[in-house]
Structure formats: C-alpha cells, structure tokens
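Please open the model in your viewer and keep the selection tool handy. We will go from stop to stop together.

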Amino acid sequence: MRRKGVSYAKYGYIFALPFVLTFLIFHLYPIVYTAVIGFTDLKGLGKTSFKFLANPFQNFITIFNNPTFQVSLKNTALIWFVNFLPQILLALLLTAWFTNRHYHIKGQGAFKVLMYMPNIITAATIAILFYSLFGYPMGPVNDVLTSLGLIEEPIYFHIQKGTARGIVGFIQFWMWYGNTMIVLIAGVLGINPELFEAAEIDGATDTQIFFRITLPNLRTILVYTLVTSMIGGLQMFDIPKLFLLGGPDNATSTTSVFIYNQAFSGSYLYNRAAAASMIMFVIISSLSGIIFFLMRDKYAIAQKKIEKQHKNELKKAQKAAAKGVEA
Amino acid sequence: MKKLSHKVMLPIIYIVCIFLVILSIFPFWIMIMNATRSTYEIQQHAISLIPSKYLVSNFQILMGKSFNPLRGFMNSFIISTGATVCTVYFSSLTAYALVAYDWRLRQPFFTFIMAIMMIPAQVTGIGFYQFMYRIGLTNNFLPLIVPAIAAPAVVFFMRQYLIPTLSIDIVNSARIDGAGEFHIFNRIVLPIMKPAMATQAIFAYVLNWNNLFTPLILLTNQDKYTMPIMVSLLRGDIYKTEYGSIYLGLTLTVLPLFIVYFLLSKYIIAGVALGGVKE
C-alpha cells in the first residue's frame with residue numbers, strides 16, 4: 001500500500017543541518033570575525049577585547065605599505081612561478097610519454113607511485129629534511145657536488161637569497177609534479193579514443209597529435225590545475241616556515257608566513273594579521289570564482305547535451321512514426 | 001622512420017623516468033641511512049648508501065630531549081581519526097540529502113557548496129584562533145576535529161558518486177517495510193557508498209595528519225603537540241649538532257606514512273586521478 005502525498009522533503013533539511021550548522025559556526029563566523037578584527041586595535045598576547053579604529057582602514061594601509069608584506073607577496077609569486085612552470089612542463093611531457101600508444105612504457109604503475117610519493121609525506125618533515133640535506137659545509141648535497149667535482153668549495157645554500165628561494169621552489173615542484181601528472185593522464189584517458197585513431201589514419205605525427213588533439217582537449221583540466229595550484233601557492237606555509245623560518249632576510253617569507261609571524265610572535269598584532277588575511281582572502285576568492293564558473297559551465301554543458309539527445313531521439317521517433325503511417 | 005625515432009626515444013624516456021624515481025627516493029634513503037650513523041661520521045661524509053651502527057645511541061639522544069614521537073603520534077592519531085570520521089560520515093549524509101530528497105532549497109544549497117569549496121582555512125586563522133581562545137578551546141583537540149563535519153569538496157565528490165549508484169527503488173521498498181529515514185541511511189545507503197568513503201577517508205586522513213598551520217596556532221602545550229609540530233622541534237637549537245638524531249627523528253615521523261602509502265598506493269593513485277577529472 002503506497003500512500004500518496006507523503007513528503008520526505010523535511011529530511012533533506014534535517015540531514016543537511018549538521019553541515020550547515022558546522023559551516024556557520026566554525027567556518028563562516030571565523031571569516032567574519034577575521035574581517036572585523038582587521039578594522040580594530042586588537043593586539044597583544046591573550047587580548048580579546050577591541051575597539052574600532054578611528055580610521056577603519058588604517059591596518060590595511062599599514063599592511064600595504066609594509067615592506068615585509070610587499071616582499072612576502074613578491075616571494076609568494078616568485079616561488080610559485082619557479083615551481084609551477086617546470087612542474088606543468090614535466091607533467092605534460094610525462095603525460096605525453098605515458099599515454100603514447102606506440103611506446104607501451106613498462107612499469108607505469110610503479111613510476112606513478114614513486115613519483116607521487118613525496119606529495120603524501122608531511123611537508124614539515126620534508127622542510128627540515130631539505131634543511132639538513134642542503135647543510136653547510138658538509139651537507140649531503142654539498143658532499144655530492146664536491147665529490148663529483150662539480151663545485152670546488154661547498155655552497156652556503158642557506159644564506160644566499162637566490163639559492164634559498166630556489167630550493168623552496170624546487171621542494172614544491174618535487175612534491176607536486178607527480179600529482180599534476182596523474183591528473184593530466186586521467187584527463188587524456190578521458191578523451192574520445194576515436195579522435196586519436198582518426199588522426200593516426202590521416203597520418204598525423206605524435207607531435208601533431210599532442211599539440212592538435214591532446215592539448216586542446218585538456219584545456220579545462222589545465223585551467224583547473226593552474227588555478228588550484230595558484231590557490232595552493234598563495235597559502236604556502238609549512239615549507240617556507242620550517243625550511244629557513246622565512247629567511248635569509250625574508251627571502252623565503254610568504255604571505256602566510258608573514259601573517260603567522262604578525263599574529264603569533266613579536267607583539268602579537270592580530271589586527272594587522274587579520275587585515276593581511278582579508279587581502280589574501282579576496283585574492284583567493286576571486287581565483288576560486290574562476291573554478292566555480294568553470295565547473296558550473298561544464299555542468300550546464302553536460303545538461304544541455306542530454307536535453308539535445310532527448311530532442312533528437314524524439315524527432316527520430318516522430319519521423320519513424322510518420323514513415324510508418326506513410327507505409 | 002617512425003620506428004627508428006621510437007627506438008631512440010624509448011631509452012631516453014626510461015632514463016628520465018628512472019632519474020625522477022631516484023630523485024623521489026634518494027632524499028629519504030639518505031635520511032634513513034644517516035639515522036643509523038653517528039654525528040662524526042655524517043660530518044666526515046654526509047652521504048652513505050649503507051647503514052652504520054649508531055641507531056641505538058641516536059635514539060637515546062633523540063629521546064633524551066623534548067622530542068616525543070610517541071606522544072605526537074598518539075595526538076595526531078586521535079585528531080586525524082576523529083576528523084576523518086566526521087568528514088566522511090557527515091559528507092555522506094549531506095550528499096544523501098542532496099540526492100535522495102526533493103526539497104525547495106536543494107539546488108541553491110548545492111550551488112552554495114560549490115561556491116565555498118575553495119575557501120581556505122588558513123586566511124581565516126586569526127578569527128578562528130580568537131574565537132577558540134575566547135571560549136577556552138585552545139590546547140583542545142575539539143577545534144581540530146569538529147569543523148571537519150563541513151567539508152564541501154567531499155560532499156561534492158560524494159554527491160557525484162551517489163547520483164548514478166543510488167537506486168531510489170531500494171530506498172522506497174525499505175520505506176514500505178517501515179524503516180525510518182535515518183535507519184535507511186545508516187543501514188542501506190552507507191554500505192553502498194563504501195568505495196567512495198574509503199577514497200575520501202584516505203585523503204582526509206593524510207590531510208589532517210600533515211596539517212601544520214591550525215594545530216600550530218591552537219596547541220601551545222607540549223603534551224598536545226601533533227606530529228608536524230613535534231617535527232618542527234628538530235629544527236630548533238636543542239638538536240643543533242646532533243645530526244644523526246635529527247635524521248632519526250625525521251625517519252620516525254615518516255615511517256608510518258611510508259607503510260600506509262605502500263599498502264594503499266593503488267587506491268591513492270586512483271583517487272588522485274578521480275579528483276582531477278571530477279565533473
């Protein structure tokens with residue numbers, strides 16, 4: 001016996017409630033609170049009471065004019081770029097090799113597992129490991145380079161701005177290229193294989209196929225990779241914080257390290273850290289907006305495809321019916 | 001012509017791949033070998049491909065100071081387990097609400113979840129810290145576990161998994177048998193979602209285990225330190241020249257991850273691939 005008119009709609013609300021409540025209390029409220037603190041005089045360890053500033057934007061002005069913040073912003077961009085460019089190029093190259101139908105690379109599974117491995121290891125551990133590896137005068141890297149005769153004197157990696165930034169960028173690259181490669185390979189496997197077959201029959205070379213078919217079809221995934229990497233890069237904290245504590249002379253200080261140092265060391269300037277956080281929040285949110293529209297469009301396109309298919313089938317059925325009548 | 005170029009390319013490809021594999025393994029190999037070597041040996045030659053015999057003395061020096069890997073392991077274990085259970089269970093529940101019920105705010109709610117998916121926890125850290133400080137929850141594990149209930153990206157993934165898998169007929173027949181909605185979710189829907197839950201559980205666990213920022217601002221009591229905070233002690237002055245002990249400490253923090261990774265690598269790689277092509 002099925003009773004009509006029983007509505008289960010209320011369970012939709014009930015089951016979504018824990019998510020909504022948690023989001024409001026632990027995610028939305030801290031965002032609003034951070035924004036509010038940005039306009040106040042809240043500073044000093046253990047302080048919770050605050051007054052709004054006479055000029056509410058004073059903290060933001062101070063942050064924008066703070067040379068350390070400017071350097072941190074520049075470092076974040078620089079380190080991200082130094083890591084992303086080789087990362088995407090290497091990932092694309094490996095993707096082209098691993099998905100090439102003539103090469104049949106053996107041991108692909110093992111290669112993927114080992115190339116992805118650094119990604120899963122605690123970043124804090126990796127930062128300190130690399131600090132030790134690049135030690136001076138007798139760290140393992142200096143040991144290898146001098147033994148091979150590549151350099152005559154050990155290099156003091158930790159006190160030179162260029163090498164310090166370069167190593168942070170390298171660690172990020174080393175941790176993430178495997179991840180990007182796996183995502184791209186999955187993307188290539190999702191492309192309609194008929195496209196490749198047709199191109200091959202037409203006599204296209206591997207290079208032509210890669211640039212004319214593979215790359216254009218990966219466009220969405222490439223944009224997705226780019227934007228998520230930028231969002232991740234803007235939050236870079238563990239490696240620069242623990243590798244050289246943001247040094248030498250703030251050369252590896254990122255915006256996240258800057259925010260942490262403002263709020264949780266020295267004079268505990270929660271208000272300025274909050275203002276800097278909001279600036280980052282706005283930048284990251286705009287980048288997230290790109291992903292949001294990208295995925296929404298994809299969703300809408302898929303929906304339209306299904307509708308179109310329905311219409312075509314309907315037309316065919318009508319035609320068939322009409323033919324049937326004629327006959 | 002084509003064949004020839006392939007013959008030239010194949011060795012190059014293998015050489016590059018093997019080089020990259022060595023690049024992945026080598027730092028960890030040196031770390032493990034140096035964990036067994038004395039500080040003097042390391043200072044003479046920082047690289048050795050074979051172990052030495054100072055593991056025990058390194059361990060004694062390591063444990064003689066504030067670094068306590070067992071405590072860090074236990075704390076990280078409690079936090080990661082709690083947060084993972086919260087994330088996986090409540091994300092499944094929320095996804096079920098989105099798929100199985102027809103409520104008026106369903107579509108707006110889904111759009112909302114997609115919009116908040118990328119909001120990073122880090123930039124709201126100041127407000128979160130002040131909030132927790134005011135209600136006396138610093139040095140407490142709850143602020144590191146409970147917020148995991150709302151994980152928009154996991155809800156999104158679970159929903160995509162549930163749409164083609166869930167048959168509403170099964171749900172309806174259970175209803176006819178008189179089962180309550182909550183019971184149906186726990187007894188019928190959750191078992192269906194097991195594969196998706198396993199994938200998401202692995203990633204949630206690793207994410208929480210490796211998290212440094214939030215624990216670092218909330219936990220100031222040494223007894224509450226998580227593994228990543230414990231690791232950061234190795235960077236400080238107390239172990240300054242005890243190289244062997246530093247490498248051993250690092251090794252101890254990485255070991256559980258290695259074991260888990262090589263047991264589950266198949267699922268992890270598949271999960272990464274799935275994450276990139278989510279539509």
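A residue is called buried under 20% relative accessible area, exposed over 50%, and partly exposed in between. Keep in mind that this is a predicted model.

A:Asp249 has a relative accessible area of 60%, so it counts as exposed.

Select A:Arg101 and A:Glu200, whose closest N and O atoms are 3.6 Å apart in a salt bridge. Here too distant parts of the chain are linked: A:Arg101 sits in the loop between α3 (67-99) and α4 (108-116) of chain A, and A:Glu200 in helix α8 (residues 193-201) of chain A, 99 residues away. A:Arg101 is partly exposed at 38%, and A:Glu200 is partly exposed at 28%.

Move to chain B and pick B:Arg175 and B:Glu181, which meet in a salt bridge at 2.8 Å, N to O. Are these two residues buried or exposed? Both B:Arg175 and B:Glu181 are buried. Over all chains, the whole structure has 4 salt bridges.

**Then: where the chains meet**

Colour by chain and look at the contact, which takes 101 residues from chain A and 105 residues from chain B. Chain A and chain B bury about 9,300 Å² between them, 77% of it on carbon and sulfur atoms. Highlight A:Phe15, A:Phe19 and A:Ile120: they supply 9% of the area that chain A buries against chain B, more than any other three residues. How many salt bridges are there between chain A and chain B? The count is 0, while 20 residue pairs are in polar contact. On the side of chain A that touches chain B, the largest share, 20 residues, comes from helix α1 (residues 9-37) of chain A.

**Last stops in chain B**

Show the surface and select B:Ile18, B:Ile22, B:Ile25, B:Phe26, B:Trp29, B:Leu49 and B:Ile50, which make a nonpolar patch of about 650 Å². Among them, B:Ile25 lies in helix α1 (residues 2-34) of chain B.

Finish at B:Leu233 in helix α13 (residues 227-233) of chain B. B:Leu233 is buried, at 16% relative accessible area, and its contacts beyond four places in sequence are B:Ser66, B:Phe67, B:Tyr225, B:Ile238 and B:Tyr239.

Notes
Residues numbered from 1 in each chain as written. Chains lettered and ligands numbered in written order. Predicted model: local features only at pLDDT ≥ 70, side-chain atom pairs only at ≥ 80, totals over all residues. Heavy atoms only, no water. Patch = residues over 30% accessible without salt bridge, like charges linked within 9 Å, V, L, I, M, F, W, Y side chains within 5 Å. Areas by Shrake-Rupley, 256 points an atom, 1.4 Å probe, with all protein chains shown as cover. Salt bridge = Lys/Arg side-chain N within 4 Å of Asp/Glu carboxyl O. Helix = DSSP H or I, 4+ residues; strand = E, 2+ residues; numbered from the N terminus. Contact = heavy atoms within 4.5 Å. Buried area = accessible area lost by both parts, 1.4 Å probe. Polar contact = N/O pair within 3.5 Å; in protein donor to acceptor, adjacent residues only side chain to side chain. Buried < 20%, exposed > 50% of the residue type's maximum accessible area, 1.4 Å probe, protein only.
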